[in-house]
Amino acid sequence: MILAAALSAAIWAPALAQDAPAARNDTIEQDRPDEFYCGERRLGQWFYCAKPKPMDNAKPATPVEADRATDRIAAIAKQLDELKAKAILEPTEANVINYIRFQREQLDRASTFSDTWQRALWQNPDLDYTLQRPVSTVGKRLWLDNRKADRDAVLTSLGQRYGLFYFYAQSCGACEVFAPILRSVTDSHRMTVMAVSMDGGPSRDFPNYVVDSGQRARMGVPGNETPALVLFDTQTKRTIPVGYGVLSADEIMDRIFMLTNTKVGSDY
């Protein structure tokens, strides 16, 4: 019926227009809403019940600079510095009180932020980093125990693929301290060590040593510092420096574990 009415209106509109007085204003006629479509049917602007308003080409108003949070923070910091400077240069009781009051307001604001931050972490576990790396005494101890178990399990099977090059010198006092530590780690985890003497001298802890004849340079290990510990991947033929100087047993194991089994940025 709507389609029929529309066709009827299209047919009869010219005739009605011809019957209208010539002096009648066409603009007023066009602006007058149709009682059927606009009143009873309420079909809106698609049937031109209301003349569309021209688009406003004016640019939207930009937000006031002072309303931005960064500007408000900057203003607070500036005011705090000004009150402090005034209290120092003119240390009257009123100036000092004004500075202390304003400073206390900002401390209260910071305390509220800290409290809200803490509550947000409690209620949103995906934001709480301490669930991944605990900081409490009990949680940290448990995390370290689990990590140590994982590390030891990995290092035990690591010797099937990796070996260690130990560069030392007989004249190196630090090497005398480090060699037995390294020996205990490699024996407990069944890792192969190739000791390389940089000055030709022997090692009590690694009697099956070899003298350096360019191996260090060919492996791409920089410098001549001793002791130096280098991990060697037998599959990729890649050398991975573990560290220089005296390292504890835990440091040796942690570094080897991180260099072979963790991605950069995943363990921090």
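Buried means under 20% relative accessible area, exposed over 50%, and partly exposed in between (1.4 Å probe, protein chains only). The model is predicted, so local features need pLDDT of at least 70 and side-chain atom pairs pLDDT 80 or more, while totals for chains, interfaces and linings use all residues. Residues are numbered from 1 along each chain as its sequence is written, and side-chain values use heavy atoms, with hydrogens and water left out.

**Exercise 1. Describe the element order and the burial of the protein.**

Step 1. The protein has nine helices and five strands.

Step 2. Read from the N terminus, the elements run α-α-α-α-α-α-β-α-β-β-α-β-β-α.

Step 3. Of the 268 residues, 23% count as buried.

Step 4. Take the contacts between residues at least 6 apart in sequence: 57% of them join residues at least 24 apart.

**Exercise 2. Classify the packing of helix 4 against helix 5.**

Step 1. Two packed helices are described by the angle between their axes and the distance between the axes. Axes are lines fitted to C-alpha atoms, for helices over the stretch in contact, and angles run from 0 to 180 degrees between N-to-C directions.

Step 2. For helix 4 (residues 69-89) and helix 5 (residues 93-123), the angle is about 150° and the axes are 8 Å apart. Helix 4 is therefore roughly antiparallel to helix 5. The cut-offs are under 35 degrees for roughly parallel, over 145 for roughly antiparallel, 65 to 115 for roughly perpendicular, and oblique for the rest.

Step 3. The crossing of helix 4 and helix 5 is left-handed. A crossing is left-handed if the near helix is turned anticlockwise from the far one by less than a right angle, and right-handed if clockwise.

Step 4. By class, the contact of helix 4 with helix 5 has seven nonpolar, five polar and three charged residues. Here Ala, Val, Leu, Ile, Met, Phe, Trp, Tyr, Cys and Pro count as nonpolar, Asp, Glu, Lys and Arg as charged, and the others, Gly among them, as polar.

**Exercise 3. Describe how helix 9 packs against helix 7 and against helix 6.**

Step 1. Helix 7 (residues 173-188) and helix 9 (residues 249-261) pack at about 55°, with axes 9 Å apart. The two are therefore oblique to each other, and their crossing is right-handed.

Step 2. Phe178, Ile181, Leu182 and Val185 of helix 7 meet Ala249, Ile252 and Met253 of helix 9. The residues of this contact divide into seven nonpolar, no polar and no charged.

Step 3. Helix 6 and helix 9 pack at about 75°, with axes 10 Å apart. Helix 6 is therefore roughly perpendicular to helix 9.

Step 4. Among the residues of that contact are Arg147, Asp150 and Arg151 of helix 6 and Asp250, Asp254 and Met258 of helix 9. The contact of helix 6 with helix 9 divides into seven nonpolar, two polar and six charged residues.

**Exercise 4. Examine Arg151 and its relation to Met258.**

Step 1. Arg151 belongs to helix 6 (residues 137-158). At 4% relative accessibility, Arg151 counts as buried.

Step 2. Leaving aside neighbours within four places in sequence, Arg151 is in contact with Asp250, Met253, Asp254 and Phe257.

Step 3. Met258 is in helix 9 and counts as partly exposed at 34% relative accessibility. Met258 and Arg151 are 107 residues apart in sequence and 8.9 Å apart in space, C-alpha to C-alpha.

**Exercise 5. Report the backbone of Arg190, Lys237 and Pro227.**

Step 1. Most residues other than glycine have a negative phi, and most peptide bonds are trans.

Step 2. Arg190, in the loop between helix 7 and strand 2, has a positive phi near 50°. Arg190 is exposed, with a relative accessible area of 61%.

Step 3. Lys237, in the loop between strand 4 and strand 5 (238-244), has a positive phi of about 60°. Lys237 is exposed at 60%.

Step 4. The peptide bond from Thr226 to Pro227 is cis, with omega near -5°. Pro227 is in the loop between helix 8 (215-219) and strand 4 (228-233).

Key. Helix = DSSP H or I, 4+ residues; strand = E, 2+ residues; numbered from the N terminus. Contact = heavy atoms within 4.5 Å.
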